[in-house]
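Morning, everyone. I'd like to take a few minutes on charged side chains. Have a look at the model first.

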Amino acid sequence: LPPGTPTPLDDASTPESGIDDAATPAEAEEAAAGEEPIATPDPTEGDPADQATIERVLEAELNLFHCFNIGDALGAAALYMPEALEENMGISNPYDLPALLGPDDPPTVLIEIRDVRVLPDGRIRYQDRYEYAGTIYTDLNYLVERDGFLLLAKTIPLKREPVAAATPSG
């Protein structure tokens, strides 16, 4: 296919077909809601980031969420490394991302980033916590720098919990 061409959909690639009986990303996230932590990061991996790096990570995270929140799927796809796009969204062609997003998708709201560390290989590792569709997500993310931009290279889910469970009662 020429660059910029969405992958043609067939019966085997439509979300309704349940490719290999795999859950869609939303179903997988719903199933994980309220579970125990999925992974535990090594707190000593890498070195603590300086304030400028922390600010760049925050900017990258907000930029990605902003793209999704305004419906700029191609802008969001450009902020992923190809392997992360496939791992997180189940697609290898970034031009397929608009078909996965609905016009009525709720916004993604960042709660915090923390534990920003610079790894010996130059990647940046951090945890984020955000709310999407009534669920609080905590992920461990890895960023790489390409042409001055921080791109998402890997996401490891750490915890999912319903908003009500994450909100202190009082």
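Start with Asp121. At 52% relative accessibility, Asp121 is exposed. For the terms: buried is under 20% relative accessible area, exposed is over 50%, and partly exposed lies in between, with a 1.4 Å probe and protein chains only. This is a predicted model, so local features need pLDDT of at least 70, side-chain atom pairs count only at pLDDT 80 or more, and totals for chains, interfaces and linings use all residues. Residues are numbered from 1 along each chain as its sequence is written, and side-chain values use heavy atoms, with hydrogens and water left out.

Which residue does Asp121 meet in a salt bridge? Its partner is Arg123, at 2.7 Å from N to O. Arg123 is partly exposed, at 26%. A salt bridge here is a side-chain nitrogen of Lys or Arg within 4 Å of a carboxyl oxygen of Asp or Glu. By that rule the count is eight.

Next pair. Glu45 and Arg125 form a salt bridge, with the closest N and O atoms 2.8 Å apart. This pair links distant parts of the chain. Glu45 sits in the loop between helix 1 (25-32) and strand 1 (47-48). Arg125 is in strand 3, residues 124-132, and the two are 80 residues apart. Helices (H or I, at least four residues) and strands (E, at least two) are DSSP runs, numbered from the N terminus. Is each end buried or partly exposed? Glu45 is partly exposed, at 24%. Arg125 is buried, at 2%.

Now a network. Salt bridges link Glu112, Arg114 and Asp115. Within it, Glu112 and Arg114 have their closest N and O atoms 3.2 Å apart. Glu112 is partly exposed at 28%. Arg114 is partly exposed too, at 35%.

Last stop: Asp139, in strand 4 (residues 135-146). Asp139 is buried, at 3% relative accessibility. What does its side chain touch through polar contacts? One is the side chain of Tyr130, at 3.0 Å. Another is the side chain of Arg160, at 2.7 Å. A polar contact is a pair of N or O atoms within 3.5 Å; within protein, one must be able to donate a hydrogen and the other to accept it, and residues adjacent in sequence count only if both atoms are side-chain atoms.

Leave aside neighbours within four places in sequence, and Asp139 is in contact (heavy atoms within 4.5 Å) with residues including Tyr126, Asp128, Thr155, Pro157 and Leu158.

That's my tour. Thanks.
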